[in-house]
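Welcome! Here is a short tour for anyone meeting this structure for the first time. Take a look at it below, then read on.

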Amino acid sequence: MVSLTADMSPLHPDRNLALELVRATEAAAIRSVPFIGRGDKLAADGAAVDAMRAFLTTVAFDGVIVIGEGEKDDAPMLFNGEHVGTGRGPQADIAVDPIDGTTLTAEGRNNALSVLAVADRGAMLDASSVFYMDKLVTGPAGVGVVDIRLPIGENIRLLAKALGKPVDTLVVSVLNRPRHADLIEQIREAGAGTRLMSDGDVAGGINAARHNARTDMCVGIGGSPEGIVTACAIKALGGHIQGRLWPRDDDEKQRGIDAGLKLDDFVYEADDLVKGKNSIFVATGVTNGELVAGVRREGDYVYTESVVLRGSSGTLRRISSEHLASKWY
């Protein structure tokens, strides 16, 4: 296996690969712009998928999509198990989410992102057979302090103490879903505030782990693919993430067992979700959000903002780009 951090003269994949991947998320975000606020999330997602795939084929690496748009029969583009890249260079696991927040995009609301995550071949957990995962994400203060097996109220009190903040100043992000009604009530009963997300729990998890972010914790049941993607980012931020797979029925549970996944409340730690520190996470804003600004067009130019997080160096870099609109539309 060739490592993502191997010095493969004349290439230096630890840096160059990250910058190449930004081109793919930028393309997906730009192509989704005509569909923002148009009410058609499938059309937005389709445009983003096509754009991302076109750029990934040009990247100098041997990538296998572990987390994609679905199984091959249901997703002709970017399906689980598809090979992307030129086939030359580092061997990598790939997680793609051309638009994290398709509903947000269709409704013209904030926090939609185009996302890619990369790790060494075999490093990412393939949890595709169980769609949902119960997650707990915090910043570095939560490492060794909070635990998803504890009641949410206790985790809030422990994190508040670790942060040196009053409980009533903590803010917890959670997807606004009927399944979370009791969880939301328990958070508020513990004295913390809530930030209810309509979609986009990748951004929610990253924002909870960032230094000086406006939220302190992200909890609840969301997509298991998003959990793996978030874990790649958390590695770079030095934060805390845990997950428990949440099968919706007995059939899905059996598929998970057949795939070798650990269920029955087994807690996946960060290194179970993505092995080692050698991960890259890139995201470009589709619509405006706390993490990055969304795509905007002014006259002859299109402006994008992206972030690149590298687990091996613990860095978060921001990339602001301007593109000639005539090259895109």
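In helix H5 (residues 181-189), the buried residues are Leu183, Ile184 and Ile187. Viewed down the axis of H5, these buried residues fall within an arc of 100°, so they line one face of the helix. Please keep in mind that this is a predicted model.

- On the other side of H5, you will find Asp182 and Glu189 exposed.
- The cover over the buried residues of H5 includes H4, strand S6 (171-175), strand S7 (193-197) and S8.
- Just after H5 comes Gly191, which takes a positive phi of about 105°.

**The largest pocket**

- The largest pocket holds about 800 Å³ of space.
- Its lining is made up of 33 residues, and those that lie nearest the centre of the pocket are Asp97, Phe131, Gly223, Pro225 and Glu226.
- Two or more lining residues come from each of these elements: helix H2 (41-56), strand S3 (91-100), helix H3 (102-107), strand S8 (217-223) and helix H7 (224-237).
- Sorted by class, the lining of the largest pocket has 12 charged, 11 polar and 10 nonpolar residues.

**Salt bridges**

- The structure holds 18 salt bridges.
- Glu20 is partly exposed at 30% relative accessibility, and Arg23 is partly exposed at 31%.
- Another salt bridge joins the side chains of Asp62 and Arg121 (3.6 Å, N to O). This pair links distant parts of the chain, 59 residues apart: Asp62 is in strand S1 (residues 62-67), and Arg121 is in the loop between strand S4 (113-120) and S5. Asp62 is buried, with a relative accessible area of 17%, whereas Arg121 is partly exposed at 25%.
- Asp271 and Lys235 also form a salt bridge with their side chains (2.2 Å, N to O). Asp271 belongs to helix H9 (residues 270-273) and Lys235 to helix H7, so the pair ties together parts that are 36 residues apart in sequence. Asp271 is partly exposed, at 49%, while Lys235 counts as buried, at 16%.
- Salt bridges with shared partners join Asp62, Asp93 and Arg121 into one network.

**A buried loop residue, Asp147**

- Asp147 sits in the loop between strand S5 (132-138) and helix H4 (152-163), and is buried, with a relative accessible area of 18%.
- Beyond its neighbours within four places in sequence, Asp147 is in contact with Leu136, Asn155 and Gln242.

How values were computed:
Residues are numbered from 1 along each chain as its sequence is written. This is a predicted model: local features need pLDDT of at least 70, side-chain atom pairs count only at pLDDT 80 or more; totals for chains, interfaces and linings use all residues. Side-chain values use heavy atoms; hydrogens and water are left out. Helices (H or I, at least four residues) and strands (E, at least two) are DSSP runs, numbered from the N terminus. Buried means under 20% relative accessible area, exposed over 50%, partly exposed in between (1.4 Å probe, protein chains only). Contact means heavy atoms within 4.5 Å. On a 1 Å grid over the protein atoms alone, a cavity is a set of points where a 1.4 Å probe fits but cannot get out, and a pocket is an open set with protein on both sides within 12 Å along at least five of seven lines; lining residues have an atom within 4 Å of a point. Grid points are joined across faces, edges and corners, and a volume is the space filled by probe spheres set on the points. Ala, Val, Leu, Ile, Met, Phe, Trp, Tyr, Cys and Pro count as nonpolar, Asp, Glu, Lys and Arg as charged, and the others, Gly among them, as polar. The arc is that of the directions from the helix axis to the C-beta atoms. A salt bridge is a side-chain nitrogen of Lys or Arg within 4 Å of a carboxyl oxygen of Asp or Glu.
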